[in-house]
Amino acid sequence: MSTLTTSFLPSLEKENSLFVYTTRRRRGHSKKSQSIVPVARLFGPSIFEASKLKVLFLGVDEKKHPAKLPRTYTLTHSDITCKLTLAVSQTINNSQLEGWYNRLQRDEVVAEWRKVKGTMSLHVHCHISGDHFLLDFVARLRYYIFCKELPVVLKAFVHGDGNLLKNYPELEEALVWVYFHSNIQEFNKVDCWGPLKEASSLSSTTTYLSSSELGETQMDNTSNCNLDLPQPCQGSCTCCFPSTRKI
């Protein structure tokens with residue numbers, strides 16, 4: 001799979017590439033003037049494949065509600081095996097994020113369950129740009145890719161931690177808040193994607209777009225619930241958990 005920092009050069013099409021290059025003939029132009037258009041993909045195919053997901057449970061209990069025991073998700077992808085690894089633990093599984101290659105790509109997705117003023121919600125974090133200039137160069141494309149492929153990520157969470165949701169089905173109605181972290185103000189934002197059950201069922205089809213079209217595309221897949229990000233109580237209380245962010 002190509003990386004999020006791959007330069008936009010022609011290459012052979014591969015099923016599990018992040019960017020699959022194809023050509024689009026412009027109206028009134030010859031074949032020689034066909035433009036190369038990247039097909040944006042994250043974590044391989046847009047359709048979630050349970051067989052390619054490896055789940056690690058590290059110090060958590062599926063019988064304990066995340067309002068009582070911290071619960072986080074760390075999702076990474078291997079370009080060698082083309083498989084996803086999901087760690088379910090009390091804090092971020094930093095061992096998945098080690099190495100220069102992971103620090104270069106920054107295509108991990110991490111999330112945590114939080115109870116704020118008595119209401120459960122899932123907080124998902126994506127790194128768009130910052131750290132190094134290569135990420136800044138493709139910030140718009142990275143933002144687009146994360147938005148298009150987040151339903152697949154959420155499906156991985158739902159499938160991988162299925163027993164928890166089976167024991168506590170009300171968590172499927174919890175709102176999903178997505179944090180896009182970027183040093184560019186346009187992409188540094190927090191969006192509400194609606195209930196987990198709906199957000200994980202949104203369409204996630206591969207889209208053929210030019211770089212200019214990416215800037216004009218609206219993220220119609222996202223669910224705007226028109227709510228303000230819930231803020232925890234100041235000081236100690238029993239209606240917010242965990243007391244400090246794990247991410």
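Residues 24 or more positions apart account for 65% of the contacts (heavy atoms within 4.5 Å) in the chain that have a separation of 6 or more. The model is a predicted one, in which local features need pLDDT of at least 70 and side-chain atom pairs count only at pLDDT 80 or more, while totals for chains, interfaces and linings use all residues. Residues are numbered from 1 along each chain as its sequence is written, and side-chain values use heavy atoms, with hydrogens and water left out.

**Overall make-up**

The chain contains 6 helices and 9 strands; these are DSSP runs numbered from the N terminus, with helices being H or I of at least four residues and strands being E of at least two. Of its 247 residues, 48% are buried. Here buried means under 20% relative accessible area, exposed means over 50%, and partly exposed lies in between, with a 1.4 Å probe and protein chains only. The chain exposes about 12800 Å², and carbon and sulfur atoms supply 51% of that area. Accessible areas come from the Shrake-Rupley method with a 1.4 Å probe; for residues, only the protein chains shown count as cover.

**The nonpolar core**

In soluble globular proteins, nonpolar side chains tend to be buried together. A nonpolar core is a set of buried Ala, Val, Leu, Ile, Met, Phe, Trp, Tyr and Cys residues joined through side-chain atoms within 4.5 Å. The largest such core in this chain has 39 residues, and those with the most contacts inside it are Y73, W113, L122, V124, F157 and F180. At least two core residues come from each of β4 (72-77), β5 (84-89), β6 (109-116), β7 (119-127), α3 (139-160), α4 (162-167), β8 (175-181) and α5 (196-199). Helix α3 gives the most, with 10 residues. Leaving aside neighbours within four places in sequence, F180 is in contact with C126, I128, Y143, F146, C147, L150, F187, N188, K189 and D191.

**Individual residues**

The following table sets out the accessibility of selected residues.

| Residue | Relative accessible area | Class |
|---|---|---|
| R114 | 3% | buried |
| H181 | 34% | partly exposed |
| C233 | 29% | partly exposed |
| C239 | 25% | partly exposed |
| K117 | 53% | exposed |

R114 is placed in strand β6. Not counting residues up to four places away in sequence, R114 touches T119, M120, S121, H123, P232, F241, P242, T244 and R245. Two of these partners, F241 and P242, are joined by a cis peptide bond with omega of about -10°, and P242 belongs to the segment after α6 (211-216).

K117 is found in the loop between β6 and β7. Its phi is near 50°, a positive value in a residue other than glycine.

H181 lies in strand β8. With residues up to four places away in sequence not counted, H181 touches H125, C126, H127, I128, S129 and N188. The C-alpha atoms of H181 and Y143 are 9.6 Å apart in space, although the two residues are 38 residues apart in sequence.

**Cysteines**

A disulfide is a pair of cysteine sulfur atoms within 2.5 Å, and by this rule the count comes to 0 disulfides. The cysteine sulfur closest to that of C233 belongs to C239; because it is 3.4 Å away, it is too far for a bond. C239 is likewise in no disulfide, its nearest cysteine sulfur being that of C233.
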